[in-house]
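Subject: Structure handover

Hi,

Here is the structure for you to look through. Please open it first, then read my notes below.

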2 protein chains.
Amino acid sequence: MGLWYYETYRGRVKLGLKVRRSLFTKQSDYQLVEVIETEAYGKTLAIDGIYMTSERDEHYYHEMLVHPALTTVANPERVLIIGGGDGGTAREVLRHDAVKKVQLVEIDQVVVDACRAHLPDHFSWDDPRFELIIADGIQFLADAAPDSYDVVLLDGSDPVGPAQGLFNRSFYEHVKRALKPTGAFALQSEGPILMPDLFLDIVHTVRDLFAQAHPYFGPVPIYGAGIWSWTVASETLDARTPDPDRVARFARACKYYNCDIHRAAFAVPNDLARALVEN
Amino acid sequence: MGLWYYETYRGRVKLGLKVRRSLFTKQSDYQLVEVIETEAYGKTLAIDGIYMTSERDEHYYHEMLVHPALTTVANPERVLIIGGGDGGTAREVLRHDAVKKVQLVEIDQVVVDACRAHLPDHFSWDDPRFELIIADGIQFLADAAPDSYDVVLLDGSDPVGPAQGLFNRSFYEHVKRALKPTGAFALQSEGPILMPDLFLDIVHTVRDLFAQAHPYFGPVPIYGAGIWSWTVASETLDARTPDPDRVARFARACKYYNCDIHRAAFAVPNDLARALVEN
């Protein structure tokens, strides 16, 4: 059967991908960074044994993290990305004409190096509006001036390992302070079917801090969890109803996202609606 | 690591489930029928090594196969299910008060026996409106009187093995003939991300025959394909916009389905919208 790579979810579910070849393996100061070429999804980034992104499915994740927030904020000039060292989130942000400056704060230079070498289609890296900062995102946000960003995007891995400090109230308080009241914050909020505890914890914590906070849903095939979720929050804006004219300006370039998909993503299944009220 | 069960998709992707114990294994006249108890999804039916349904995720599949069609037809008195020997589809059909008669035509008695013994929560089997018929669904439909059903549901496995004849133009022509012009037909139409060829083939073939045919999407975690699809077709009805009053009559009993989910499921991703036009 040849070479296979397996991610294991809580010891109960495995997603195996048939591997053509291993392209990159390095233990950084923070984590094990690997790029493998898989039959199903092309070149695939894995960190500490967890699939992060791949050539053929990355648009599901990146388009959905970025566009609901960016189409909701009236004039998203200044955008901060925490994590996202593969560049896919920055690429989607830069589809929006209003954006004047994107800062991407990634803790691990090795992730950026691996992706620039092996996932070049994820991002061109040389847009003049783009700035790469290799630093600890928690400290960076703690030091950020208040009201300095229109959009903050948390593109971190799971709440374990170096990303753990990105998924708690203290971090979200820094986000809120750095964000303009007319801005929006979006983050991935885990797979609600296999990891309902993490999903509920993230949504509740964000809801406690922001006047508006709405989970939304879509597929990310390499996350093996049936459905994935993101959450978008704001002090003043409701991201659930997109403006078709805003969406029309860029969505033709998207592989997944469009105006119908934006609206549809906010439909909440009965069991999750009940769990969000009860837990 | 103990005992694991793996389904392999086209030799490229595997979904592994950790197994507590094997409950049932029998080679029937048609296929290998197994029931395993898995850590993640509870008791799980597999046929010829392919996951069919499980205690903890079956509602995603069954609610979405049934309710878009059943809420669209004005008075769904007579319903025919082809396949569906686990009973979950029949259970969802019987939530609709208008239903007077459900016939379920399953080719393999062994599937019914395995599910009655090991998946008892799927269905009670003794509703007076319900009739189980062990027969070849293709022949049954070929013999059916014209205009005799309000809804036909195809709850078959993949278009390989004994279910192959359920996924072609000749079968859909039998469906159309047996269906009233005011009725609707729904079927599972495969995972469009991992099996785009099967998805496109099913949707195109159904579209060639029915005046209205619309694919729709949702998660089915044990199908390991990121997202699943169904297609609903009719000579006269557009299933995309549900009547909230109709939905309110039964949807509180659903774990996944509600009015927002119904509408949202018909949002088509950009890449699939393009593929449906081009291919």
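One definition to start: a crossing is left-handed if the near helix is turned anticlockwise from the far one by less than a right angle, and right-handed if clockwise. The model is predicted, so local features need pLDDT of at least 70 and side-chain atom pairs count only at pLDDT 80 or more, while totals for chains, interfaces and linings use all residues. Residues are numbered from 1 along each chain as its sequence is written, and chains are lettered from A and ligands numbered from 1 in the order in which they are written.

**Two helices of chain B**

Helices (H or I, at least four residues) and strands (E, at least two) are DSSP runs, numbered from the N terminus. Take helix 5 (residues 169-178) and helix 6 (residues 196-209) of chain B. Their axes come within 10 Å and cross at roughly 45 degrees. Axes are lines fitted to C-alpha atoms, for helices over the stretch in contact, and angles run from 0 to 180 degrees between N-to-C directions. The two helices of chain B are therefore oblique to each other (under 35 degrees is roughly parallel, over 145 roughly antiparallel, 65 to 115 roughly perpendicular, the rest oblique). The crossing of helix 5 and helix 6 of chain B is right-handed. Helix 5 of chain B brings B:Arg169, B:Tyr172, B:Glu173 and B:Lys176 to the contact, and helix 6 of chain B brings B:Thr205, B:Val206 and B:Leu209. Contact means C-beta atoms, placed from the backbone, within 7 Å.

**The sheet in chain B**

Seven strands of chain B form an open sheet with mixed pairing, in the order 8-7-6-9-10-12-11. Two strands pair if DSSP finds at least two bridges between them. Strand 8 (130-134) and strand 11 (212-218) of chain B stand at the edges, each with a single partner strand, so one side of each has no neighbour in the sheet. Neighbouring strands of this sheet are turned by 15 degrees against each other on average, direction ignored. Strand 6 (residues 78-83) and strand 7 (residues 101-106) of chain B pair in the parallel sense over five bridges. B:Ile81 stands opposite B:Leu104 in strand 7 of chain B. Helix 6 of chain B packs on the sheet, touching strand 11 and strand 12 (228-234) of chain B.

**Where the chains meet**

Chain A and chain B each give 33 residues to the contact. Strand 2 of chain A supplies six residues, the largest share of the chain A side. Five bridges join strand 2 of chain A to strand 2 (residues 13-27) of chain B, and these strands run antiparallel. There, A:Lys14 stands opposite B:Gly16.

Best wishes

Key: Contact = placed C-beta atoms within 7 Å.
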